[in-house]
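Have the viewer open as you read.

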Amino acid sequence: MKDVNELNALLEGLGTTIGMEITEWQEDMLRATMVIGGSNSQLYGIMNGGAALALAETLAGVGSHLLCNEGEIAVGIEVSGNHLNMARVGETVTATATLLHRGHRQHVWNVDIRNEEDKLVSTERVVNMIIKK
């Protein structure tokens, strides 16, 4: 079983660029935080919608990676989201990825991103395809 430090090492690349950090995981759920600012904000001082999608896809990707069998990898094939509220620069958002479907060839995740007041900021659906290495 991996600890969160090992999981955070998997974020190398986009995950570290946007400042996400995995804080909790179970087989069918992962949670991560991200402080809004710099690389993940837009000119109005709020979270960039693309950063929300990147946070969701990266978190669901790690979740699917953990569920893959030896010789398999998970690749994102669809991500869609609805931005419902704002998260301002300096605020920390929390993303919770919940596994909705674990098939042999696809995993479907729902990712809800909430602000510090537990208000739903954005909700995403991520579909990962499981393929041979």
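## Surface and overall build

About 7,100 Å² of the protein chain is accessible surface, and carbon and sulfur atoms account for 49% of that (Shrake-Rupley method, 1.4 Å probe; for residues, only the protein chains shown count as cover). Keep in mind that this is a predicted model, where local features need pLDDT of at least 70 and side-chain atom pairs count only at pLDDT 80 or more, while totals for chains, interfaces and linings use all residues. Residues are numbered from 1 along each chain as its sequence is written, and side-chain values use heavy atoms, with hydrogens and water left out.

The chain has 3 helices and 6 strands (DSSP runs numbered from the N terminus: H or I of at least four residues for helices, E of at least two for strands). In sequence order they run α-α-β-β-α-β-β-β-β. Along the principal axes, the C-alpha atoms fill a box of roughly 45 × 30 × 20 Å. The radius of gyration is 14 Å, which agrees with the value near 14 Å for a compact globule of 133 residues (taken over C-alpha atoms; the rule is 2.2 Å times the number of residues to the power 0.38).

## The core

Of the 133 residues, 38% are buried (under 20% relative accessible area; exposed is over 50%, partly exposed in between, with a 1.4 Å probe and protein chains only). The largest nonpolar core holds 29 residues, and Met47 and Leu55 touch the most other members. Such a core is a set of buried Ala, Val, Leu, Ile, Met, Phe, Trp, Tyr and Cys residues joined through side-chain atoms within 4.5 Å. Helix H3 (49-67) is among the elements giving two or more residues, and H3 gives the most, with 9.

What does Leu55 touch, leaving out residues up to four places away in sequence? The list is Ile18, Met20, Ala32, Met34, Val93, Ala95 and Ile113 (contact means heavy atoms within 4.5 Å).

Val121 sits in strand S6 and is buried, at 2% relative accessible area. Beyond four places in sequence, its contacts include Met47, Asn82, His83, Leu84 and Ile113.

Asp118 is in the loop between strand S5 (106-114) and strand S6 (120-132). Its phi is near 65°, a positive value in a residue other than glycine. Asp118 is exposed, with a relative accessible area of 54%.
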